[in-house]
Amino acid sequence: MKVLLSWLREFAPIEGEPEQIAAQLTELGMELESVASLGEGLDGIVVARVLDVREHPDADRIRLVDVDAGDGTSLQICCGASNMTAGDLVPLATIGTVMPGGMEIARRTMRGQESNGMLCSARELELGDDAAGILVLDDQVQPGTPITAALGIASDVVYEFDALPNRPDTLSVMGVARDLAAHQGVPFSSPVFDPDEDGRPTAELCHVEIQAPDLCGRFLGRVLSDVRVGTSPRWLAQRLVAAGMRPINNVVDVSNYVMLELGQPNHTYDRALLPDGALAVRWARDGEVVETLDGVARTLEHTDGVIVDATDRAIGIAGVMGGASTEISSTTTEVVVEAAWWDPATIAATSARHNLHSEASLRFKRGVDPDLAPLAARRVAQLLAEVSSARLHPGAAQADGDLPRRPTVRVRPERVNAVLGTSLSSDEMVALIDPIGYRSEGDGAALVVDVPPWRPDSTIEVDVIEEIGRHFGFSNLPKTVPTSPHTGELTGRQRDRRRLRHALVGAGLAEAMPMPFLAPGDLERCGLAPDGLVLANPLAAEESILRTSLLPGLVKAVAHNERHRMVGVQLFELGRVFQLGEGLISDPAASELAGRVLAGECEHLAAVMAGHDALRAVEVVELLLRSVGRWYPPGARLLDGALAEASAATVEATPLPGLHPGRSAVVSVDGLEVGHVGEIDPTVLEAHEIDERVAWVQLDLSVLLTIPATVPTARPVSRFPSSDIDLAFVVDEDVPAEELRRTLLIASTAVRPVSVELFDVFRSEQLGPGRKSLAFRLRFQEPDRTLTDGEVAAARTSIIDAVETRHDATLRA
């Protein structure tokens, strides 16, 4: 929908700058798409008189036109149009003019002939769609007159917005002006049209009848005589063009103008083509054909409405489009103006079925004011009297069918404030909606609101509340955050599970989900005790044992992949195991989540890494403990220089079932055993036909996640350089690397390493039987100074002496 600011101001003294009005329209719910200025960009365009028109000597399609721009001088213009003759007045864009489209006019040479400007069409001036020829002006203006003065063009603003389906009132200038006036608090003037009437009564010239009262609620006809069909005056045509419609002739243009202005579609008939001037409304017959104004013959169905003449011939589709048989032509002298109210649902269905969407059907299907037809007919008559010297006959031919009942809505003030979050009084609510036609009376507990006929969308309480909110200003509504319980939040245990999964995926492992049921013998093949719980009613005989460890399922998954030539797989599982025996405690956190678990049922996390050794497993353990805040590295330096031994996470070498006897360890945190780490026993791997080493990690989450997590504290980063030294010691096979690492951390009293990292484990016959080499990288760094070479050398010596003494170790060259 497009509306002009000057047109709005004919209904109300609208105030403000164009940008401010645009913001107000948006605030009122009209989805503004553009704001355009009219009458600008026409500076430098003047009226010129054509002196001579002749052929271009070297171009068939170019004319040489001599014009006088008001100064008595002849200017030659090269022009492609041929619709002008000597003596015509035409618009001339002079040298240096910037056209509305942005093109700058300059002196040019066309096929050897000089052109000193440009003669303009209506489209080039953005005053219409006609681009076939030059715009020829009236003879009353003088050459040299600015085109804006010659055409009476004043500066104006066009607002284009999307008229929403629930706002049929915004499909008219009057409806927009009413809403905007109420918002600004300025008076709105309801139009009154009282054209002069003369001649025979309309009842003698026109008769209307409604044969389908459920289709048509009101059908009205007015007759005008002495009509002279011609071109519309400039002001009328310009307004239609600005509103997005194409001027046709003065009769049709007036009909469209009134539809845009008031929102009431209407239709004009050539009375000479109507037998006895009679019109009637009925339902169509299946297969009935009518040719519409667009020249298409349309086959109708019995659910379509039609307008018929006295012979019962269909001459138009009700509420959608008129017929070609009664179209206004240049010979028309008597006009019947028809205005009606149609059932919105019927018009919507007919328009969709025929894919025929007109400006009239758009308004009728959304709902037109049932009381508007008489006013619209008088407005058409008044304008036709002005633009064509027509004479309006007294009275009107009118028939009524089933008109919609105007609803009355009971509105509770407390409900209004609850929905909007406001604290408005009843009087303030009435003051907001009374200017837009909602008349209210109080019954003590509520407001009884009469909905205006131009708002058929308002039928229930919340519709009226929306209107109160619109005119209060949605931007003025208080901003409050509703309070509600925090539902759907993860528990601490669930967050830890998620962190563990993310850490393992980030380390390159994929999650596996083996079944919790094992076949008889699976535990023994993995070097575990055959003490699994036997199911009384297993799903399958080969899966009748509840697992006591995640090891069998993951080992079988590695074996399956290796049989399919997929080596080096890294998998993890987070699942439940079922351990039997004295002293086992059910998982309290799981009991809280699941309601009930078996005694001895607990949650484990396990990982297998084919092709990797125990060192990789220790790295993964550290990664997992860090991810859930349970990593307390031994030797962490405190402010007083002491060591945090009590809360250390430790890895103690211990032979464990199913794991390599010399490469397995127990993982403890804060003195509690939380899991196992190492490599899977070669005999287990051989039993499953696995040819590569497999690192193993298992954590008991029912113990680990009960240990309080710590938030890591940031430590200042030293600005001073660090010094690294590598030391490799040959020790007995049964000496754990972790014990050696602890000694390295605490051996030097003067300068201690800030980190100790095991980077190599080497075994060889050259080292001797039962011996291995462990290589560590030690980093020294002080927060407040640069260490000297002597300090680092002294620390190195004391560390070597301590390791050799405590672990019967030999420094390897």
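**Exercise 1.** Does Y257 count as buried, partly exposed or exposed, and at what relative accessibility?

Solution. Start with the basis. This is a predicted model, with local features requiring pLDDT of at least 70 and side-chain atom pairs pLDDT 80 or more, while totals for chains, interfaces and linings use all residues. Numbering runs from 1 along each chain as its sequence is written, and side-chain values use heavy atoms, without hydrogens or water. Next, the cut-offs: buried is under 20% relative accessible area, exposed is over 50%, and partly exposed is in between (1.4 Å probe, protein chains only). Y257 has 1% relative accessibility, so Y257 counts as buried. W235 has 38%, so W235 counts as partly exposed.

**Exercise 2.** Describe the aromatic pairs that involve Y257.

Solution. Rings of Phe, Tyr and Trp (its six-membered ring) pair if their centres lie within 6.5 Å; planes under 30 degrees apart are stacked, over 60 edge-to-face, the rest tilted. The whole structure holds four aromatic pairs. One of them is W7 with Y257, stacked at 4.5 Å centre to centre and 25° between the planes. W7 lies in helix 1 (residues 5–8) and Y257 in helix 7 (residues 250–262), so this pair ties together parts 250 residues apart in sequence. Helices here are DSSP runs (H or I, at least four residues), numbered from the N terminus. Both W7 and Y257 are buried. W235 and Y257 pair edge-to-face, at 5.8 Å centre to centre and 90° between the planes. W235 sits in helix 6 (residues 234–242), 22 residues from Y257 in helix 7. W7, W235 and Y257 form one aromatic cluster.

Conventions:
Helix = DSSP H or I, 4+ residues; strand = E, 2+ residues; numbered from the N terminus.
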